[in-house]
Amino acid sequence: MDIKKVSPELSVSGQIMPQDVAIAASRGFRSIIINRPDGEASDQPEHQSIVDAATRSGLSVRYLPVVSGNVTDADATAFQKAMAEMPAPILAFCRTGTRSITLWALAKAGHLSSDAILSTAEDAGYSLSGLSARLDANEQKQGAERSTASHDIVIIGGGAGGIATAGSILKRRKDADIAVVEPRSEHYYQPGWTLVGGGVFKREQTERSMAQVMPKGVQWIRSACAGFDPEHNQVILEDGTRISYKVLVVSPGLKLDWDAVEGLKDTLGKNGVTSNYLFDMAPYTWELVKSLKRGRALFTQPPMPIKCAGAPQKAMYLACDAWTRSGRLKDIEVEFHNSGGALFGVADYVPSLMKYVEKYGINLCFNETLVAVDGPSQTAIFEVKDGDGNVTRQTREFDMLHVCPPQTALEFVKNSPLANDAGWTDISGETLQHTQYGNVFGLGDAGSTPNAKTAAAVRKQAPVAAHNVLRVLDGRAPNAVYNGYGSCPLTVERGKIVLAEFAYGGALDPSFPKWILDGTKPTRAAWFLKEKMLPAIYFDQMLKGIEFLAKPKILPHSPTAHDAQEACDFNGSDHKAA
Ligand code: FAD
């Protein structure tokens with residue numbers, strides 16, 4: 001099978017056989033589009049045999065036959081619809097792949113420039129120069145039809161922060177005019193990935209279709225945001241379209257920077273290298289844990305900030321627990337290589353964690369940053385900083401390597417007027433309002449607020465953002481405040497969790513009285529909460545604007561008339577907040 005990647009969502013190939021379908025599934029494809037009509041050649045399998053094989057492998061599949069040399073606009077529209085509806089990544093094939101990539105090109109005309117389409121096809125090994133006049137015509141037609149849409153509230157990102165904020169706004173004002181800009185067709189409950197890597201959840205439990213979580217009444221703009229023009233109250237989409245807003249909410253999450261570790265991307269998912277930070281990869285963590293009988297297992301943590309700072313060690317404790325239960329831990333050397341100098345940022349939780357470190361015999365290696373991985377030789381290279389700040393390189397061989405990747409702000413946020421020096425959306429730690437643009441709010445992992453980047457933080461931030469967005473929309477100053485709450489359920493063994501809950505400055509901020517749940521100790525109650533309750537709290541409450549233990553704190557004093565006036569002045573540079 002000679003598969004050519006066209007985009008993160010789509011790859012194309014020539015004719016595949018039914019036995020190739022399982023291989024495609026193992027490479028991460030989730031859907032197949034069959035563009036070759038039956039009966040073109042005698043050695044060609046019937047499309048139904050591919051459909052059956054895809055069904056057996058759990059892949060979505062669609063038969064969209066296209067006659068060679070006669071790809072119509074209707075074919076391209078059907079292909080575009082399939083791409084929008086089917087889970088990505090998708091593998092489309094015909095005899096050589098040319099019809100499939102032609103369909104993609106026509107579907108993208110008007111969204112990408114003709115030059116970009118032709119050079120992408122060229123990079124994949126297909127020359128579509130004969131199509132350029134048709135692409136140009138489509139581009140012009142689309143451009144003429146494209147008008148600047150406008151919404152009262154535009155939300156960037158349909159993840160935890162974006163959907164929860166939309167839900168909370170609609171709970172307060174059911175006819176609010178909201179658009180959510182989100183390119184993905186899937187929505188992930190990422191906190192569940194630790195349990196997938198620990199063999200407790202199936203990865204399917206952590207995924208819903210985006211359409212399913214998108215609140216009713218919200219307009220979903222299925223595109224990626226490429227930039228911000230806050231002086232004109234507009235966002236710019238990847239195809240150049242501009243959307244105007246009265247109030248903007250920025251919540252696109254962060255970038256997992258796999259390229260920052262040399263060699264990592266090439267070996268991820270093989271050679272014993274895994275990460276719970278990817279939906280597709282978390283099941284491989286559990287496979288490795290189950291299959292490792294002896295040797296060395298390394299777990300790494302990059303420099304802060306990262307989302308869910310406890311996740312790297314959660315993966316390690318659950319692996320150690322499984323090896324304890326199977327009697328193999330004595331034959332496995334476990335090392336935790338942490339760029340930082342402490343096991344956990346809030347000292348109150350460290351004694352309980354240290355008991356598990358000792359129980360499992362984990363070797364803690366602080367101030368050690370993973371910088372390169374050689375998969376085939378199973379070696380990891382670390383930069384090790386000593387007490388005087390001298391840095392040396394050390395190599396460790398491994399049989400299993402769980403990597404938490406370095407994390408940064410997304411480029412389109414970093415390069416925008418909304419970013420602070422570090423690239424994060426520059427927002428107030430309390431009101432979540434942008435420090436320069438009064439009609440812009442931010443929350444979640446993309447925000448500059450110094451809380452722990454967690455869905456738990458988002459659960460408390462979204463109601464604050466929703467309340468303040470509506471205040472500003474109504475010409476009033478924000479008066480709801482967030483206290484920096486974040487939470488990290490540290491899965492120290494299967495069945496027990498140390499439930500870290502804290503606010504700004506590391507102040508403990510427990511949700512329950514100590515006699516119900518003492519978060520500084522490992523408890524079964526906290527495990528029950530994580531395994532049985534939190535997924536439902538997330539999907540059925542938080543994303544729907546039901547603010548369980550998350551009502552926003554409203555400041556008692558009304559804002560002054562002056563504040564209100566400033567919040568009201570949206571237009572031009574006068575809208576900058578005090
Ligand atoms: P996300 O939920 O990541 O959503 C961002 C959305 O923006 C995505 O849908 C993305 O497609 C979209 N987007 C990206 N770029 C663009 C663009 N250009 N235009 C438009 N949209 C865009 N949190 C906890 O509270 N407890 C835990 O136990 C926990 N464990 C975790 C374990 C792991 C392994 C991981 C990876 C995370 C964990 N988290 C946990 C963290 C939690 O999942 C995140 O903090 C939370 O999802 C952040 O929400 P968000 O909306 O900021 O980002």
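## Salt bridges across the chain

A salt bridge is counted here when a side-chain nitrogen of Lys or Arg lies within 4 Å of a carboxyl oxygen of Asp or Glu. In this predicted model, the count by this rule comes to 28 salt bridges. One of them joins the side chains of arginine 173 and aspartate 474, with N and O 2.6 Å apart. This pair links distant parts of the chain, since arginine 173 sits in the loop between helix 7 and strand 7 while aspartate 474 sits in the loop between helix 15 and strand 25, 301 residues apart. Arginine 173 counts as partly exposed because its relative accessibility is 28%, and aspartate 474 is likewise partly exposed, with a relative accessible area of 41%.

A second pair is formed by glutamate 335 and arginine 296, whose closest N and O atoms are 3.7 Å apart. Here the link runs between strand 17, which holds glutamate 335, and strand 16, which holds arginine 296, the two residues being 39 apart. Glutamate 335 has 1% relative accessibility and therefore counts as buried, as does arginine 296 at 18%. In the pair of glutamate 547 and lysine 551, the closest N and O atoms are 3.9 Å apart; glutamate 547 is buried, with a relative accessible area of 10%, whereas lysine 551, at 65%, counts as exposed. Salt bridges also link Arg30, Arg184, Glu186 and Glu207 in a network.

## The surroundings of the ligand

Around the ligand there are 36 residues, of which Gly161, Glu182, Lys314, Asp445 and Ala456 come nearest. By class, this shell has 18 nonpolar, 11 polar and 7 charged residues. The protein covers 92% of the 1,000 Å² of accessible area that the ligand has on its own.

The elements that give two or more residues to the shell are helix 7, helix 8, helix 12 and helix 15. The largest share, 3 residues, comes from helix 15.

## Helix 12

Helix 12 covers residues 311–325, and at 1.5 Å a residue its 15 residues should span 21 Å, which agrees with the 21 Å between its end C-alpha atoms. Because 13 of these 15 residues are buried, helix 12 is largely enclosed by the rest of the structure. Just after the helix, glycine 327 takes a positive phi of about 75 degrees.

Note on methods. Residues numbered from 1 in each chain as written. Predicted model: local features only at pLDDT ≥ 70, side-chain atom pairs only at ≥ 80, totals over all residues. Heavy atoms only, no water. Helix = DSSP H or I, 4+ residues; strand = E, 2+ residues; numbered from the N terminus. Expected span 1.5 Å × (residues − 1). Buried < 20%, exposed > 50% of the residue type's maximum accessible area, 1.4 Å probe, protein only. Near = heavy atom within 4 Å. Areas by Shrake-Rupley, 256 points an atom, 1.4 Å probe, with all protein chains shown as cover. Nonpolar A, V, L, I, M, F, W, Y, C, P; charged D, E, K, R; others polar.
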